[in-house]
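Trainee: Could you take me closely through the aromatic side chains of this model, and through the core to which some of them belong?

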Amino acid sequence: MEVGWSARRGVLLCLTVSLLLQGRANTTFTINCSGFHRHGVDPAAFQAVFNQKAFRPVTNYSIPTHVNISFTLSAILEVNAQLQLLTSFLWFNMIWDNPFISWDPEECGNVNKLTVTTENLWLPDIFIMESMNVDQTPEGLSAYVTNDGHVVYSKPMRVTSICNLDIFYFPFDQQNCTLTFSSFLYTVDSMLLGMDKEVWEMTDTSQGIIRTQGEWELLGISKATPRMVVGSSLFDQIMFYVAIRRRPNLYVVNLLVPSGFLKAIDALSFYLPAESGNRAPFKITLLLGYNVFLLMMNDLLPASGTPLISVYFALCLSLMVLSLLETVFITYLLHLATTQPPPMPSWLHSLLLHCTCPRKCCPTAPHKGNEGLGLPQAQLPGLKEPVELVEKSPGPGEAEVAGGSGWTRAQREQEAQKQHRVELWVQFSHMMDTLLFRLYLLFMASSILTIIGLWNT
């Protein structure tokens, strides 16, 4: 009899616990808020809720907690290309339901929302996966609690996150950084993430209240919702793609415009006569000035990588060095032509014919001693006429007047050949100046078109 009675007592106890648990699952937890509008909030009314802050607020642990998130980007503080880091300032918002919080607003003087310090509430452990700093949320923040159990929590965040920065098109570059929000502890069985706002609302709000007018501007925000698998656990996450663009005005004014001016002045120096000796010192001065300019503006360039603007500066410097070497070579060539002009090689003579008269029926085989060449004069100023570079040879009448001066026919032919060789080398100098000048113009035109294209896109 005692064994039977003990068995019946065990069954009765199990039924009682089961009924109590079912009743607890269907119970609506209502807070007594009478007198809130007259005497203020009574902390004892929320004490039962505060005592459960260490546990996820659900009536059935098989049901996941839905947390809706959003953020407002209010400042882009720094973009470090060397360390590949983005430092920004966010207002992070979270909304979730607490089923243990509920009251009747009519009994509380139409009070439907209260502020509660976050120290007394359960908070989702949402973090940014790309973040490189410890969460420095200020203490003593509060959250809004509504009469139907909605908890709205907003906190400021200074986030330093990893970002894959591509600086090739500096200073016309655009970057796409990722901010991934996920739970550190709760899997999809316990927590699901959703959106508090649409991404276009987040973009418009961020662009409207962004505080800094510095180097970067916000282009847009987009999102993706992949899930992360860690071992046998599945975590919910939301990835936000933040597109930002650099404002290039500072770099155009301080880097590209002065470089373009120096390059234009160097191109105009081709109009200085090469034989006068003024062109080479002028180009040396420009080259030294350009190097000083690059040293002074080095702090504005990225500390890592090889952006397109660095390639542009290297090409500018190379052209200026090439122009200086060409000027030195031409000066030496003209000096040699006026003293002892050597005969022009056949291949160089053919190249000169091809470059100076490509559409005329010019002879392709050089005559003996480069005689009989009727080459047209180059159009680029800067070199004197060939006849001014050598002494004028006396004519036949002058030889007779000189009387016994010794000018024979062979000497006159030799002097004519010398003058003709001078003409050939002067024409070659004109050709080199013209080709390099056209190369300068082509480089400057392509640079301007590239800058305009990158700026507009």
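Mentor: What follows begins with the ground rules, then turns to the aromatic pairs and ends with the core.

This is a predicted model, in which local features need pLDDT of at least 70 and side-chain atom pairs count only at pLDDT 80 or more, while totals for chains, interfaces and linings use all residues. Residues are numbered from 1 along each chain as its sequence is written, and side-chain values use heavy atoms, with hydrogens and water left out.

A pair of aromatic rings is described by the distance of the centres and the angle of the planes. The structure holds 18 aromatic pairs, where rings of Phe, Tyr and Trp (for Trp, its six-membered ring) pair if their centres lie within 6.5 Å, and planes under 30 degrees apart count as stacked, over 60 as edge-to-face and the rest as tilted.

W96 belongs to strand β2 (residues 85-97) and W122 to the loop between β3 (113-117) and β4 (126-128), so their pairing ties together parts that are 26 residues apart in sequence. Strands (E, at least two residues) and helices (H or I, at least four) are DSSP runs, numbered from the N terminus. Both W96 and W122 are buried.

Elsewhere, Y290, F293, Y312, F313 and F443 form one aromatic cluster.

As for the core, the largest nonpolar core has 77 residues, and those with the most contacts inside it are F71, F181 and F240. Such a core is a set of buried Ala, Val, Leu, Ile, Met, Phe, Trp, Tyr and Cys residues joined through side-chain atoms within 4.5 Å. Helix α7 (residues 308-339) gives the largest share of this core, seven residues. Leaving aside residues up to four places away in sequence, F71 touches L90, W91, F92, L179, F181, M202, S206, I221, F240 and V242, a contact being heavy atoms within 4.5 Å.

Methods:
Buried means under 20% relative accessible area, exposed over 50%, partly exposed in between (1.4 Å probe, protein chains only).
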